[in-house]
Amino acid sequence: MTREAVVSLTTSLVEIPSHTDETAAGDFIAHWLRDETAATVRRDDAGNVIACRQSGDSSPNTSLAFVGHHDVVPPADDQLDADGGYRSERRDGRLYGRGTADMKGTLAAALLAFRDAEPATELVFASFVGEEQGGIGAQAAIEDGFAPDTAIVTEGSTGYSAAGVTDVAIAHKGRRGSTLTASGTAGHASRPDDAENAVYRACDAVDTVRSLEAPETTVLGNELSGSVAVTEIDGGSAWNVIPERCTVTVDERTVPGERADLAAAESIAGVEWTVDQDLPPMACDDPAFADRVLTAADAVQPGEPQQVVKPHATDAGWLANAGTDCVVCGAAEPGEAHTATESVSIDVLERCYELYRQVAETPP
């Protein structure tokens, strides 16, 4: 029963286009929650869907949230039907289509678990907009007071310790994207000493970046290493003109509590450093909560799940930054999200339903 329910709900969600406008997907989720549960359901101004169920026991004063998102990246041509709608397909024990892995499959599993659980704490469900645009919905919800004590963010954690095993991610990296702008003075290339070459200054800045150590930390016994890399350089206007401006793009993968000292590049004359995007990393600061989710993960599958770290940012970073203890736990496997052949295992979706339900029903 659960298997067919999660397949049906995932299929319904996947077939709703939501890469440019999440409204229809949000409407569907809100209507489903109102029809299927007695929860308090609301839509905020950003378009997020948030629902709340109280525990049958009046004594617990903590909250657990299942957190996902209903926006997706643009579909590939093969993921569209003849009319331009989203196409889904079931074969070989998997569901195929844009959003099956990232992340409408686990969103469906979380919805069903939210409905069916007999929660031991206040239970919250949240589906955000704009996760693929840097966490727009999560930030709006937090600014509006969204602050559960703990949260399972249902991004992918399957296949990290071993193929097919759904692990529990207790930390992930963030991303800080920034620009180094080198300014100089233009001049004729035949008289280079009469000008200040912005490209040379940019090269000196790149050398500074190359000398920086990548940030590292340890979270609940797991090592997490960041990185710093120059990814783009743009400067000059003509072959015979000394350039007066050159920009350098830097991609830094951050870790909780540590950052590379990119401001050091500003010690070079004419170089300015600006931050363009800063997606926060995540670390679970509640070992008991992380162990509670791992115990549930271990109980619902034959493999041996582990506490692991993820390489990329999720909405868990925004929540953790605001004070919520988070883990990431979901069905998507590495290499599935955002691909033209995106798919998710039905067995693992059913497993996630059982896992989420068990965590909700276990007292903190």
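**Close-up views of a predicted model**

**View 1. An open sheet of four strands.** In this predicted model, 4 strands, joined by antiparallel pairing, form an open sheet in the order E13-E15-E9-E16. Strands are DSSP runs (E, at least two residues) numbered from the N terminus, and two of them pair if DSSP finds at least two bridges between them. At the edges lie strand E13 (227-235) and strand E16 (271-279), each of which pairs on one side only. E13 is joined by 8 bridges to the antiparallel strand E15 (residues 245-254), and among the partners there, Arg253 of E15 is bridged to Ser227.

**View 2. The largest nonpolar core.** A nonpolar core is a set of buried Ala, Val, Leu, Ile, Met, Phe, Trp, Tyr and Cys residues joined through side-chain atoms within 4.5 Å, where buried means under 20% relative accessible area, exposed over 50%, and partly exposed in between (1.4 Å probe, protein chains only). The largest such core has 55 residues, and those touching the most other members are Leu33, Phe66, Phe125, Ile152, Val327 and Tyr356. Domain 1 (3-173 + 281-361) and domain 2 (174-276) both give residues to this core, so it lies between them; the domain bounds come from an automatic or database assignment.

View 3. With a disulfide taken as a pair of cysteine sulfur atoms within 2.5 Å, the count is 0. The cysteine sulfur nearest to that of Cys203 belongs to Cys246, 6.9 Å away, and Cys203 is partly exposed, with a relative accessible area of 39%.

Residues are numbered from 1 along each chain as its sequence is written, and side-chain values use heavy atoms, leaving out hydrogens and water. Local features need pLDDT of at least 70, side-chain atom pairs count only at pLDDT 80 or more, and totals for chains, interfaces and linings use all residues.
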